Amino acid sequence: MNTVHKPSFVELFTPKLVTVLREGYRLIDFRADAIAGLTVAIVALPLSMAIAVASGVTPDRGLYTAIIGGLLISALGGSRFQIGGPAGAFIVLVAATVAIHGVNGLLIAVLLSGVILLATGLLRLGTFVKYIPYPVTIGFTAGIAVIIFASQVKDLMGLSLPDGEPGELVHKVPALAAALPSFNLAAFALALVTIVLIVGFRRYKPSWPGLLIAVGTASVGAAVLGLPVETIGTRFGGIPNILPWPSLPAMTYDKVVEMLPAALSFALLGSIESLLSAVVADSMTGRRHRSNCELMAQGIANIASALFGGICVTGTIARTATNVRAGARGPVAGMLHALFLLLFMLVAAPLASYIPLAALAGVLATVAWNMAEKHAFTALLRASRADALVLMATFLVTIFSDLINGILTGFCLSALLMLHRMSQAVGVETATQPLFAEDQADEVEGTTRERYQPAAGMDRDIIICRISGAFFFGAAASVGAALDRIGAQPKAVIVDFSAVPILDSTAAATIEAYLSKAHRRGAAIFIAAADASVRHTLKSFGVKRPMVRFSADLKHALTAARAEIHRVAIHGAAPTPAA
């Protein structure tokens, strides 16, 4: 009798660093990791300072966060490629916390959030983070992008606000409009040059350190021309060239209780952001992270960041993707990225005083633009009214209330709409294909089932994935994990949707990620027996011709797949028009 092996506590919480070293870590791997680590450090250097400034703290705290947090996340985490540091998603929450409670209150909240994340990982609750619906994720990410951009308008345009800048968007916009007479052309020009250089390098020379070159160019230009703009030196007095000694923030029982709501917000956002980043790395590399181990590492990293005076630390999607594209082999790349940042701070700290704040605002403006997930946003608006409603509700509540309310609103609305769609599916399809099908006999009222075809299950060139039941955000994580565990690299993949009455956007995004990976490996993709509504949702997320070919049923899909494999064997892999 076969039994399912349940991993032990040690197996679940073994850092990926240990796994990589056990596999055999060679000098060639170290060289690749060193190059990737240096590449990411060059990206993270200006970004960490920009995020810290936008968060209402000094730029050195952003560097402390990237150095301490980045080192620990890579050393202890459950992802091979995760890069930790300050993230743009936290700007709104951190800035609000600093404005109300000061830096000491912020450090207490970061410390407590680390404890919460550590407990979340140890209690193995990280799996539940995967059940956040896709429209909610895109909605709050786009909302954060809008808020980040709005927070940078002041420095982008060099505006002066004597009474301070309001935090809420509804009050911020009128205040910025009233300050337009103080517009600084020099600051705006530097911000514009920074943005143009970043976009240009990303498009035409993506392997070059565009962020660093853009900020360096703006800094040199401002210094040589003597432009009347604010710099890190004029506002903050520069940054130190050494790490501080670790120390606990001043804490009392009442203060700890007061900071718990902020800590819970940090922990919730940190868990979502870090696990999303790990999923992105998995989709790029074909590996799988350990979510609870990753959350445990995030917790330890946040505790350490607070002790060194840093801000919230989490896995960062853009820097993690850069790490993968730079050829990283494992967590050593992330650890080296932190050490390179430390070296930069020790050697080049005096030069940071010359960086214009308008240039850092330009950096964050491009970050906000990239965070907005514009293609996914428009795809969800087209997918269905339900997805569009959840997306816009999350987006608007995030902008005009706060992030946590946005997530809760979107999640509750998704659950209610999903229940409604399931009840509709059961009512409509009871006569033919019920949502939860009963067991059936081989013969029902004289009708015999189609004869089983052994060749379909024995054909090693074709993988058939059959999905049964309502496929929505609650099941997407499990189905995605099952698809990723399919180790073979077939010549054709068939996904049978004949038993799927409904499909939501989270499920469609999961299928698209799996099929895109198979397509990149050269497999021919076929979708069998998808009804009109399922097919429409899939197409909204890019599951369409020429990547996939749709068939009326599994039999026709098998015939088409074998014909395509035969054609490729004779004529080569030139694409054929999708049927």
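This is a predicted model: local features need pLDDT of at least 70, side-chain atom pairs count only at pLDDT 80 or more; totals for chains, interfaces and linings use all residues.
Which residue lies over the face of W369? That's K374, at 4.3 Å from the ring centre. Numbering starts from 1 along each chain as its sequence is written, and side-chain values use heavy atoms, with hydrogens and water left out.

**The whole chain**
- You'll find 23 helices and eight strands here; helices (H or I, at least four residues) and strands (E, at least two) are DSSP runs, numbered from the N terminus.
- Of the 579 residues in the chain, 51% are buried; buried means under 20% relative accessible area, exposed over 50%, and partly exposed in between (1.4 Å probe, protein chains only).
- Take the contacts with a separation of 6 or more: 83% of them link residues 24 or more positions apart, where contact means heavy atoms within 4.5 Å.

- Strand 5 (residues 462-468) is mostly covered, with five of its seven residues buried.
- Strand 6 is mostly covered too: seven of its eight residues are buried.
- Strand 5 runs parallel to strand 6 (residues 492-499), and six bridges join them; two strands pair if DSSP finds at least two bridges between them.
- Across this pairing, I462 stands opposite A492, and S468 stands opposite A499.
- Strand 6 also runs parallel to strand 7 (residues 524-528), joined by five bridges, and here D496 stands opposite A528.
- Strand 6, helix 21 (residues 505-520) and strand 7 make up a right-handed β-α-β unit; right-handed means that, with the strands pointing away from the viewer, the path from the first strand over the helix to the second runs clockwise.

**Rings and charges**
- K539 lies over the face of F550, at 5.5 Å from the ring centre; a charge sits over a ring if NZ of Lys or CZ of Arg is within 6 Å of the ring centre and within 35 degrees of the ring normal.
- Rings of Phe, Tyr and Trp (its six-membered ring) pair if their centres lie within 6.5 Å, with planes under 30 degrees apart stacked, over 60 edge-to-face and the rest tilted.
- The count by this rule is five aromatic pairs.
- One of them is F183 with F188, a tilted pair at 5.6 Å centre to centre and 55° between the planes.
- F183 is partly exposed, at 35% relative accessible area, and F188 is partly exposed at 34%.
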